[in-house]
Protein chains: 2
Amino acid sequence: APSHTGTRTNYGDRGMSLEAELNESNQYYLTNGIAVIHKKPTPVQIVKVDYPRRSAATIKEAYFRHPSTTDYNGVYQGHYIDFDAKETKNKVSFPLKNFHEHQVEHLRACVQAGGIGFAIIRFTNEGDTFLLPASVLFKFWDNQANGGRKSIPRADIEASGYSIPFQLNPLVPYLSAVDSLIAKKK
Amino acid sequence: APSHTGTRTNYGDRGMSLEAELNESNQYYLTNGIAVIHKKPTPVQIVKVDYPRRSAATIKEAYFRHPSTTDYNGVYQGHYIDFDAKETKNKVSFPLKNFHEHQVEHLRACVQAGGIGFAIIRFTNEGDTFLLPASVLFKFWDNQANGGRKSIPRADIEASGYSIPFQLNPLVPYLSAVDSLIAKKK
Ligand SMILES: [Mg+2]
Ligand SMILES: [Mg+2]
């Protein structure tokens, strides 16, 4: 319907990245006492630091390190929450190369330890956002290792994941989908 | 007893910081499928990055930012775990100035959301390490704001906290104390 498309376009026009929208959403959840979920700082290998008098220490040489975990974690209703956010320009599938092996292994360890793991995937062309349970990601990941396809079809994400509508307060209301994951866990 | 003192001295002699011992312990817990708990990267404000050809991007100017959370979090038996590690040279009490307001507020928000929060405190002179439940920290923190004492007496930490023995594999077996916190929660 035209109005639906209109809404999508509006939000797309804001030009906010998924990450920025998630950070704003997490701030909303925190301020309202709903959940405590933060993005982790970018890991940096610090090599050289200057300590000038009367002013702040300045890092003069440092390098980006590969993160050993996902970007987001925290607590919601006592549950440990762990996820990564990924955007793709692809229309019909989500390429698995957007994930690093260590991120998938980290999610696996978290789920093994009783946490709730997932990915938040946005198809930027259409502006559609989904929560994909870690179990579905693992299935496609392991299948790829055995010669299977290198991407998850959008149809599978729609079928096995949860569509996250655009709204205000919070912009990305992904905890509603997490409610469904928690209900399934019980 | 002399042998006990001897053991303490041995461990002290290793010269490992509490943080290094915790990182090793967390690696043990991870490798053995017991828990997934990581130290967060140091938050850095990146100002200038060089992208030389054929080599890694080099950060040329950056500044340390104040962390908005505690240093460690993760998942153990489905429970969200959140804590900070602090060392003090004091012998009879732990000075509250070792905590920043935002760290205490973060711990409060985590506990409010159903997580398990605490501090791991080491008295470096004696080499004794304790897990102090967040609830006890909050009591002394709020009391300080109302004109109360600026430190937590070691006697109170011994009475309301859990002594963490030195051992190998892991070096700091703090999850045994967390078991007690989980049992109390039920
Ligand atoms: Mg990411
Ligand atoms: Mg610390």
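Predicted model: local features only at pLDDT ≥ 70, side-chain atom pairs only at ≥ 80, totals over all residues.
Over all chains, the structure holds 17 aromatic pairs.

**Aromatic pairs in chain B**

- Phe118(B) pairs with Phe83(B) in a stacked arrangement, with 4.9 Å from centre to centre and 10° between the planes.
- This pair links distant parts of the chain, as Phe83(B) belongs to strand S5 (residues 79–88) and Phe118(B) to strand S7 (residues 116–123), 35 residues apart.
- Phe83(B) is likewise buried, and its relative accessible area is 0%.
- Another pair joins Phe123(B) and Phe130(B): their planes stand at 80° and their centres lie 6.1 Å apart, so this pair is edge-to-face.
- Phe123(B) and Phe130(B) are both buried.

**An aromatic cluster in chain A**

- Ring pairs connect six residues into a cluster: Tyr28(A), Tyr29(A), Tyr72(A), Phe83(A), Phe118(A) and Tyr174(A).

**Lysines over ring faces**

- In chain A, Lys86(A) sits over the face of Phe99(A), 4.6 Å from the ring centre.
- In chain B, Lys86(B) lies over the face of Phe99(B), and here the distance to the ring centre is 4.7 Å.

- You will find Asn73(A) in strand S4 (residues 72–76) of chain A.
- Asn73(A) has a relative accessible area of 3%, under the 20% cut-off, so Asn73(A) counts as buried.
- Its side chain makes a polar contact across to the side chain of Asn73(B), at 3.0 Å.
- Leaving aside residues up to four places away in sequence, Asn73(A) touches Asn73(B) as well as several residues of chain A, including Val36(A), Ile37(A), His38(A) and Lys40(A).
- Tyr80(A), Ile81(A) and Asp82(A) are also among the residues that Asn73(A) touches.

**The magnesium site**

- Asp71(A) and Asp84(A) coordinate the magnesium ion (ligand 1) through their OD atoms, at 2.3 to 2.6 Å.
- Asp71(A) lies in the loop between strand S3 (58–64) and S4 of chain A, while Asp84(A) lies in strand S5 (residues 79–88) of chain A, so the pair ties together parts that are 13 residues apart in sequence.
- Both of these aspartates, Asp71(A) and Asp84(A), are buried.

Conventions: Residues numbered from 1 in each chain as written. Chains lettered and ligands numbered in written order. Heavy atoms only, no water. Phe/Tyr/Trp six-rings, centres within 6.5 Å; stacked < 30°, edge-to-face > 60°. Helix = DSSP H or I, 4+ residues; strand = E, 2+ residues; numbered from the N terminus. Buried < 20%, exposed > 50% of the residue type's maximum accessible area, 1.4 Å probe, protein only. Lys NZ or Arg CZ within 6 Å of the ring centre and 35° of its normal. Polar contact = N/O pair within 3.5 Å; in protein donor to acceptor, adjacent residues only side chain to side chain. Contact = heavy atoms within 4.5 Å. Donors = N, O, S within 2.8 Å, 3.2 Å for Na, K, Ca; no water.
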